[in-house]
Amino acid sequence: MAISRRDFLKLVGAGAVAFSLPASRVQAKGRFVRAENSHAMLYDSVKCVGCRACQTACKARSGLPYEPDPTGLYEMPRDLSANTWTIIKLYDGPQQDAFVKQQCMHCIDPACVSVCPVAALEKTPEGPVIYHGERCIGCRYCMAACPFGIPKSQWDKALPLIQKCDFCADRLAAGGKPACGEACPTGALIYGSRKQMLETAHERLNADATYFPHVYGETEAGGTSMLYISNVNYTNLGLPKLPEKELPSITWPYMAAVPAVIGVMVTLSTGIYLRTHRGENGASKKKEE
Amino acid sequence: MAARSFSARYPQLHLRRYKVGPGIIFIWILGALGLGVAVYRWIAGLGATTNLSDGRGWGLWISFDMMSGIGLAAGAFTVAAVVYIFNLKKFYPIVRPAILTGFISYLLAAFTLLVDLGQPQRIWHLLIYWNIHSPLFEIGWCVMLYTTVLALEFSPVVFEALGWKVPLKIIRAITIPLIVAGITLSTMHQSTLGTMLTILPYRIHPLWYSPLMPLYFYLTAIAAGLAMTVFESYHSARTYGFPFELKLFSSLVKIIPYVLGLYLALRVGELFVTGKYMHLLEGGAPAVMWFIEIIGGVIIPLLFFADRKTREDADGIVWAAFFTMGGLILNRVNSAMIFMDGAFYMPSWSELAVTFGLTAFGVILFDAAVRFLPLFPEPKPETVKQL
């Protein structure tokens with residue numbers, strides 16, 4: 001009984017200390033400001049014609065193989081996979097149709113980066129969430145934690161790595177554009193700073209009332225670098241309804257409490273030991289029951 | 001000096017001729033199969049051998065072998081705390097088997113992790129690439145350190161048998177720091193296994209998802225770890241033909257109703273505070289499983305352990321232990337597998353073979369330790385049969 005009650009108080013206490021730390025709150029407020037100038041993309045589902053030029057440009061740039069069906073015929077992939085980092089899907093709604101492009105959202109505060117035990121995933125200040133495959137141990141925690149279901153594993157390999165869109169970080173660093181955005185012939189997929197992209201998105205929403213009145217990615221899971229506007233509700237496009245709370249802020253208070261847990265447990269155990277062994281020394285040890 | 005024979009030099013290290021029945025032979029076969037399938041999985045890859053997919057990255061190995069296995073191994077730290085920290089010396093006879101059980105469970109959990117990881121040869125990357133934000137990073141470190149602590153805590157048995165005085169003296173001198181380290185490391189990673197799931201609020205069913213999961217995991221580990229010690233000791237006593245220390249265990253398990261009671265109050269209370277009890281009224285598989293887990297895995301063992309007649313009866317205490325362990329396993333499997341949102345999943349035969357095989361392998365390791373090391377009283381002549 002003593003153990004459980006003591007531990008309960010300890011956890012509550014440590015948690016309370018960690019929750020009251022101001023650092024994470026301040027960080028959250030400044031998050032959007034800091035991301036203003038990072039790279040971002042805006043996908044306008046109304047302008048998209050579903051040509052999939054982005055999809056092929058992505059495969060060409062990343063050297064990803066096309067995925068044949070079981071008879072060996074090449075066909076369109078049905079979903080994101082280790083070899084398909086972006087995909088165009090069509091929502092065939094009762095009133096309206098809408099295309100949607102899926103790829104890594106490049107969250108401002110990504111869950112995958114937070115959970116990776118070996119820091120194989122990294123959020124760069126420039127915007128892209130990149131993957132250091134040489135570090136990866138293949139635990140697949142990132143796959144579980146990503147609220148968008150983006151990281152994919154190479155299931156067919158004996159030593160699989162995680163694969164996902166890297167926002168063409170190499171091309172961006174060299175002053176270039178992301179391959180998918182460059183390939184888009186209709187202007188449905190544009191690229192710029194996050195601030196510019198949000199301005200453009202809101203301009204289009206204000207100018208045209210047929211748009212669904214929300215920019216997806218502006219606040220979802222703490223904001224993403226990939227932003228969406230569409231004429232249908234985003235839940236129809238496979239984009240989950242997410243609160244503004246960034247996922248890493250859930251686990252961080254617990255992790256931040258670890259030093260306190262260590263301190264409390266060592267002190268308590270030692271204290272109880274000293275108390276229960278009072279008056280006991282080397283000479284009288286044998287007398288104990 | 002004439003070389004003495006091995007058995008003359010180390011009289012305690014002889015093979016104890018316990019009976020080899022069909023049970024242990026079956027377990028050897030299961031263990032060998034499991035190891036074989038594990039090797040096949042390393043060669044062929046996860047895609048070819050498991051039913052895991054992009055929509056279901058974690059399956060049976062994570063929720064059962066890892067999460068439940070580590071939870072059930074908590075008896076090693078609780079019993080050590082009871083004896084060495086709380087100074088309840090009468091429980092000393094339980095310590096060694098409890099530590100051995102814990103040590104083997106951690107070895108198996110680490111081994112399953114190697115089977116589950118995509119890049120098992122890089123497990124040591126945890127040592128050099130740090131991410132203090134990751135619950136799994138902390139679990140990895142704690143499990144590595146705690147397995148070392150358990151090995152050291154168990155080492156006196158080996159040193160005594162070998163008659164090595166100096167290492168024995170060193171270990172005895174650092175016993176208390178080791179026990180304190182073990183308690184601290186266990187508290188950390190047992191609760192962090194729950195923290196690990198808190199970052200999946202959109203994937204885990206609300207009846208299991210909770211910000212209190214770290215505390216739930218810790219409490220259930222304490223209860224089920226002690227239950228596992230009872231379960232293991234009962235079966236050791238039966239298998240190796242010595243009396244089961246019923247009186248001692250009935251006294252030890254008196255703490256379990258308090259732990260389970262607190263856990264039950266928090267879990268049920270939370271449902272009403274947050275309004276999540278609505279999911280119970282909705283019915284369906286989650287509600288049914290929740291009731292099975294809470295009634296079968298918490299309330300029944302709580303009542304069994306709280307009832308003096310039941311807990312002082314060998315059958316009663318073992319059934320109560322069995323239900324407690326089942327409650328922990330159901331909880332881990334429900335939260336990290338069955339009611340975790342994702343692609344449809346049923347474990348493949350390879351996954352089942354590895355899970356059953358490694359569990360069997362744990363029994364084999366325990367059996368080997370009992371046969372080669374002075375853990376239990378020597379077998380009585382009437383129970384001895386030729387190997």
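Chain A is split into two domains, with domain 1 covering residues 1-35 + 252-273 and domain 2 covering residues 36-242. Where these domains touch, domain 1 of chain A contributes four residues and domain 2 of chain A contributes seven. On the side of domain 1 of chain A that touches domain 2 of chain A, three residues are nonpolar, one is charged and none is polar. The structure described here is a predicted model.

The secondary structure of chain A consists of 10 helices and nine strands. Chain A has 289 residues, and 43% of them are buried. Among the contacts in chain A with a separation of 6 or more, 64% are between residues 24 or more positions apart.

Three of the strands of chain A make up an open sheet, in which the order is β8-β1-β9 and the pairing is mixed. Strands β8 (189-193) and β9 (226-229) of chain A are at the edges of this sheet; each has a single partner strand, so one side of each has no neighbour in the sheet. From one strand to the next, the twist averages 25 degrees. Strand β1 of chain A, made of residues 39-44, runs parallel to β9(A), and four bridges join the two. In one of the pairings between strands, A:Asp44 has A:Ile229 of β9(A) as its bridge partner.

Strand β3 of chain A spans residues 97-102, and five of its six residues are buried, which leaves the strand mostly covered.

Chain B is built with 18 helices and zero strands. Its radius of gyration is 21 Å, and the globule rule for 387 residues gives 21 Å, so chain B is as compact as a globular protein of that length. The C-alpha trace of chain B extends over about 75 × 55 × 40 Å along its principal axes. Of the 387 residues in chain B, 47% are buried. When contacts in chain B between residues at least 6 apart in sequence are considered, 82% of them join residues at least 24 apart.

The two chains touch through 56 residues of chain B and 54 residues of chain A. On the chain B side, at least two residues each come from α2 (22-44), α3 (46-49), α5 (75-85), α7 (125-128), α8 (135-162), α10 (175-198), α11 (213-240) and α13 (256-274) of chain B. Helix α10(B) gives the most to this side, supplying nine residues. By class, the residues of chain B that touch chain A comprise 34 nonpolar, 17 polar and five charged.

Technical notes
Residues numbered from 1 in each chain as written. Chains lettered and ligands numbered in written order. Predicted model: local features only at pLDDT ≥ 70, side-chain atom pairs only at ≥ 80, totals over all residues. Pairing = 2+ DSSP bridges. Axes fitted to C-alpha atoms, helices over the stretch in contact; angles between N-to-C directions. Nonpolar A, V, L, I, M, F, W, Y, C, P; charged D, E, K, R; others polar. Rg over C-alpha atoms; globule rule 2.2 N^0.38 Å. Buried ≥ 20, exposed ≤ 12 C-beta atoms within 10 Å, placed from the backbone. Domains from an automatic or database assignment.
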